[in-house]
Amino acid sequence: MQQLRQLDMKRVTEEERRMASVVAKKEEEKKRESHKQSLLKEKKRLTINNIARQWDLQQHRVPNIATSQDRKDSDSPSQDPCQMDRSTISAFPEETGSLDSVLTSALQGLSATDTHLVDVDGDTLSLYGSGALECLDRNWSVQTAGMVTTVSFTFIEFDEIVQVLPKLKMKFPNSLHLKFKETNLVMLQQFNALAQLRRIDQLTIDPQGNPVVNFTLWKYYVLFRLSHFSIQKINGTEVTQNDMIMAERLFGILAHVTSSELPQYRMISILGDARKKQFRYLQETKGKKPGVVNEENNDSKRLVGENTNRAMLNYTTRDFYNEKLEETKGKKKFCNMYIEDLVKEATEINTKNEALQKLWPQMFIELVRDAVIETRNKNSYMKLCLQQITDQK
């Protein structure tokens with residue numbers, strides 16, 4: 001009330017007017033910030049719902065309102081404008097009004113066609129939609145990259161995630177907790193791909209969109225294959241020593257059988273440089289007598305052997321498999337054509353050789369006859385030879 005002169009029978013001073021103005025501005029800024037956060041939350045909700053619909057169509061599901069409502073994000077994380085997808089929030093109206101009216105007018109300019117979302121909330125990086133994987137190519141600040149310890153993947157094919165795991169290891173070296181929801185984890189073999197990361201302390205596989213959790217022994221396989229990470233929690237449950245023993249008991253023979261069935265050249269091609277050296281060392285010392293090395297070295301070699309055997313259990317994505325299949329088909333086609341050309345050339349040589357064997361007796365007689373006729377007159381033959389020498393000069 002700018003025109004007010006007196007309040008409670010006291011004259012309103014300029015200092016009181018100034019203080020009231022400051023408080024009013026702060027209140028207005030707080031309200032506008034609240035509106036902004038509401039807009040950001042609403043935009044995130046709309047984007048996630050749109051990504052969910054796109055995912056349902058991709059998975060040949062029938063989208064419905066209930067599914068979309070179930071997927072609403074009840075949290076209200078703080079949003080970094082640099083991390084929001086495409087459209088940004090424009091200036092907010094100065095005039096006051098109900099929050100609903102402000103949201104309605106502002107949301108008219110928001111795009112509901114965003115197909116991916118990148119969200120950083122505290123120490124958690126959330127990626128929605130396959131397009132969000134491109135964010136790993138950004139130049140993240142050292143502070144943000146070091147702060148992220150949890151990475152969540154939602155509505156993204158696991159095969160696409162596998163391709164960016166090396167980038168994830170480089171960009172966010174402190175990421176210890178991975179979450180997967182609606183990523184089409186359907187078989188145990190896919191967990192092999194996670195072995196290329198630097199470290200994993202926690203792993204969360206949401207049952208929604210990941211049928212692999214329906215397998216009774218999936219947790220034990222994870223503990224066995226990723227034993228070098230010493231995972232502490234799986235789906236929020238602490239991993240015990242008994243779990244590790246059971247995992248080794250259930251799947252230990254699998255790694256041994258896999259490594260024993262593969263030929264040596266295939267093992268070397270699968271292993272990295274460090275593993276190749278270890279593998280060669282094991283091969284070289286396999287025939288030595290037990291007394292040559294001490295007990296400590298025997299233990300270290302045994303551990304190296306186990307890790308090497310686990311390294312044989314790898315995962316090939318469908319795209320990479322198809323690419324290799326096409327490459328193999330191309331090589332096979334080239335080899336067939338090359339062999340056919342060699343066979344054709346050999347056949348032609350053999351045909352010519354047989355023809356030569358038939359014609360050679362008569363050809364030899366004719367060659368001898370021509371030589372005798374040519375040298376019969378010694379003087380004329382000498383003149384002919386001298387003439388040929390002169391012509392050559």
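Tutor: Start with a term: two strands pair if DSSP finds at least two bridges between them. Helices (H or I, at least four residues) and strands (E, at least two) are DSSP runs, numbered from the N terminus. This is a predicted model, where local features need pLDDT of at least 70, side-chain atom pairs count only at pLDDT 80 or more, and totals for chains, interfaces and linings use all residues. Residues are numbered from 1 along each chain as its sequence is written, and side-chain values use heavy atoms, with hydrogens and water left out.

Now look at strand β5, residues 150-154. Five bridges join β5 to strand β6, residues 177-181, and the two run parallel. Phe153 stands opposite Phe180 in β6.

Move on from β6. Four bridges join β6 to strand β7, residues 202-205, again in parallel. Phe180 has a bridge partner in β7 too, namely Ile205.

Step back to the whole sheet. It is open and has seven strands, in the order β3-β4-β5-β6-β7-β8-β9, with mixed pairing. The edge strands, β3 (117-121) and β9 (237-238), each pair on one side only.

Next, the packing. A nonpolar core is a set of buried Ala, Val, Leu, Ile, Met, Phe, Trp, Tyr and Cys residues joined through side-chain atoms within 4.5 Å. Buried means under 20% relative accessible area, exposed over 50%, partly exposed in between (1.4 Å probe, protein chains only). The largest such core has 49 residues. Phe153, Leu178, Phe180, Phe191 and Leu194 have the most contacts inside it. Several elements each supply at least two residues of this core, including β5, α5, β6 and β7. Helix α5 gives the most, with six residues.

Finish on Phe153. Contact means heavy atoms within 4.5 Å. Leaving aside neighbours within four places in sequence, Phe153 is in contact with Leu127, Leu133, Ile161, Leu168, Leu178, Lys179, Phe180, Lys181 and Thr183. So the residue opposite Phe153 in β6, Phe180, is also one of its contacts.
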